[in-house]
Amino acid sequence: MKPVTVIGFLGSTLDASKFGPSRWNKWRPSVALTMHEDLRVDRFLLLHGSLHRRLAEYVAEDIQSVSPETKVEPRLLDFGDPWDFEQVYGKLLDFARGEAFDPEAEDYLIHITTGTHVAQICLFLLTEARYLPGRLLQTQPERGAPSNPAGKWNMIDLDLSRYDSIATRFAVASAESTSFLKSGIDTRNAAFNRMIDEIERVSLRSKAPVLLMGPTGAGKSLLARRIYELKRLKHQVAGPFVEVNCATLKGDGAMSALFGHRKGAFTGAVADRPGLLRAADKGMLFLDEIGELGLDEQAMILRAIEDKRFLPVGSDKEAASEFQLIAGTNRDLGEAVAAGGFRDDLYARLNLWTFELPGLAERREDIEPNLDYELDRFAEREGDRASFNKEARQRYLAFATGPDARWPGNFRDLAASITRMATLSPKGRIDLDCVEAEIARLKRLWSGQSDDGAGILAEVLAPEVLTEIDPFDRVQLAETVRVCRSSRSLSEAGRTLFSASLARRSSANDADRLRKYLARFGLDWAAVSRA
């Protein structure tokens, strides 16, 4: 058997006693652990402060009396404040690094019964992190046997995987957290589920900004709020959830809305305004469509993230806010950086934890569980429950998961569709006629046949330009604009539009091909995707 070395603090109260025979009737943890026949201690590294040097010598003498084979080695360790976690941990870490531990030659036991609670916690953490290469040892007096000075001892094994019940509880807690992030929806898409598992771990272990990417309607806003609610349940945030759609912040009002202003800072500033960043203090700020912010606002957001300080409009005194940031975008911020529309330093700060939410068309197996979720939401919202009959449900799911269903608005489209059917269903029962009417409505909405594309084109082209375009070109251009709006980048839109011919070409630059097509009508990617 290898020699056994114990490392532990001197108990300034528990190890103290009056000198005399009566001390042997008292349980003193440092002395007691050397009194057990079934626990051999060859070496005892006794940690103590300068104020207790005499007590350490006294305890060492008593250990020698009851266990002559135990070599006591006092280690002087002074703390300015024994309740200062950072100081205690730092001193113990220095001690652990300075000792010549040899686990191959010795077994180490870390005694965590004595010392302040802070010291005990630090010993636990250093042992868990393997800076102290041993097992935790705990001692206690024996109840009902006050005359037994040896008490009892037991080991604490840090290998949680050996305890099935504990491991199961951890697994259940993690599963509950991921289900919470998914709003309790039993999603079936494997890639999405893996992403949610990772988001759950990041959310509970990191305060760094999180970037949620994905097309409009993919669920970025809902997921951001669920991340906040999960962190609040775990007592990791105390402040509010503040959501900002950056696409609505335009001109001079953007600075004021985000960072606040002082009274009289500009015409119309009749009172102080704290701003949205200060409103999110101690909580979470969700900047949706962050790619729409101007460069000046981006610079101030970066400083607010890094320094937790910013300058309100018209003020010469900085304001402070401690918040965690979640950013959302349906744009390719990498392309925006290359085009000069987004700051590369802010993108680098946001890009630590980036998660790309797939659109509904990429998660067709999740349509059925989301269908049930939307019906439940309708019942909560309207106080009236609706349900499908068997044939109607089968017909709707066959269409919704099939190739004819485009879902350009993603989950917003699905939610709207189910709301319409639940509202129009006779007596709360969605039947086949109701489903067929909704399918026809969706096809009309998606095809654009009701206005030959003029409606969507009017948003990006001047009236005099639109009248010069042939009806044939209108339909083609309208479809191009729709694809651009549901895509995250010019390249993705190009791949979608030219996917059929891609397989027949040895090389292709779909982004360039799309750029040239839009240029024929005086359009570019920025104008079309933002409209």
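This is a predicted model: local features need pLDDT of at least 70, side-chain atom pairs count only at pLDDT 80 or more; totals for chains, interfaces and linings use all residues.

Trainee: Let us begin with a strand. Which way do the residues of strand β7 point?

Mentor: The general idea is that side chains in a regular strand alternate between the two faces of the sheet. In strand β7, which covers residues 210–213, Val210 and Leu212 point one way. Leu211 and Met213 point the other way, and all of these residues are buried.

Trainee: Which strands are joined to β7 by bridges?

Mentor: Strand β12, residues 324–329, runs parallel to β7, and four bridges join the two. Within β12, alanine 327 is the bridge partner of leucine 211. Strand β13, residues 353–356, also runs parallel to β7 and is joined to it by four bridges. There, leucine 212 has phenylalanine 355 as its bridge partner.

Trainee: How should I read a nonpolar core, and which residues of the largest one touch the most other members?

Mentor: In soluble globular proteins, nonpolar side chains tend to be buried together. The largest nonpolar core here has 32 residues, and Leu277, Leu285 and Leu287 touch the most other members. Elements that each supply at least two residues of this core include β7, β8 (241–245), β9 (284–288), α10 (295–307) and β12. Apart from this core lies another, of 25 residues, among them Ala386, Phe388, Ala405 and Trp407.

Trainee: What is leucine 285 in contact with, leaving aside its neighbours within four places in sequence?

Mentor: Its contacts include Val242, Val244, Leu276, Leu277 and Phe323. Gln324, Leu325 and Ile326 are also among the residues that leucine 285 contacts.

Trainee: Why does arginine 363 count as buried?

Mentor: A residue is called buried when its relative accessible area is under 20%. Arginine 363 counts as buried because its relative accessibility is 3%. This arginine is found in the loop between β13 and α13 (367–382). Not counting residues up to four places away in sequence, arginine 363 touches Thr187, Asn189, Phe192, Pro358, Asn370 and Phe411.

Trainee: Is valine 435 buried or exposed?

Mentor: Valine 435 has a relative accessible area of 0%, so it is buried. The residue lies in helix α16, which covers residues 432–447. Not counting residues up to four places away in sequence, valine 435 touches Phe388, Ala392, Arg395, Tyr396, Met421 and Ile430. For a sense of distance, valine 435 and serine 417 are 18 residues apart in sequence and 9.7 Å apart in space, C-alpha to C-alpha.

Trainee: How many cavities of 30 Å³ or more does a search of the whole structure find?

Mentor: Rolling a probe the size of a water molecule over the atoms shows where empty space is left. Here the search finds one cavity of 30 Å³ or more. The largest cavity holds about 30 Å³ of space, and residues that line it include Arg23, Trp24, Lys26 and Pro149. By class, its lining has five nonpolar, no polar and three charged residues.

Trainee: What is the volume of the second largest pocket, and which residues lie nearest its centre?

Mentor: The volume of the second largest pocket is about 480 Å³. Of the 24 residues that line this pocket, Ser12, His52, Phe79, Pro82 and Thr116 lie nearest its centre. The largest share of the lining, three residues, comes from α4. By class, the lining of this pocket has 10 nonpolar, 13 polar and one charged residues.

Notes: Residues are numbered from 1 along each chain as its sequence is written. Side-chain values use heavy atoms; hydrogens and water are left out. Buried means under 20% relative accessible area, exposed over 50%, partly exposed in between (1.4 Å probe, protein chains only). Two strands pair if DSSP finds at least two bridges between them. On a 1 Å grid over the protein atoms alone, a cavity is a set of points where a 1.4 Å probe fits but cannot get out, and a pocket is an open set with protein on both sides within 12 Å along at least five of seven lines; lining residues have an atom within 4 Å of a point. Grid points are joined across faces, edges and corners, and a volume is the space filled by probe spheres set on the points. Ala, Val, Leu, Ile, Met, Phe, Trp, Tyr, Cys and Pro count as nonpolar, Asp, Glu, Lys and Arg as charged, and the others, Gly among them, as polar. A nonpolar core is a set of buried Ala, Val, Leu, Ile, Met, Phe, Trp, Tyr and Cys residues joined through side-chain atoms within 4.5 Å. Contact means heavy atoms within 4.5 Å.
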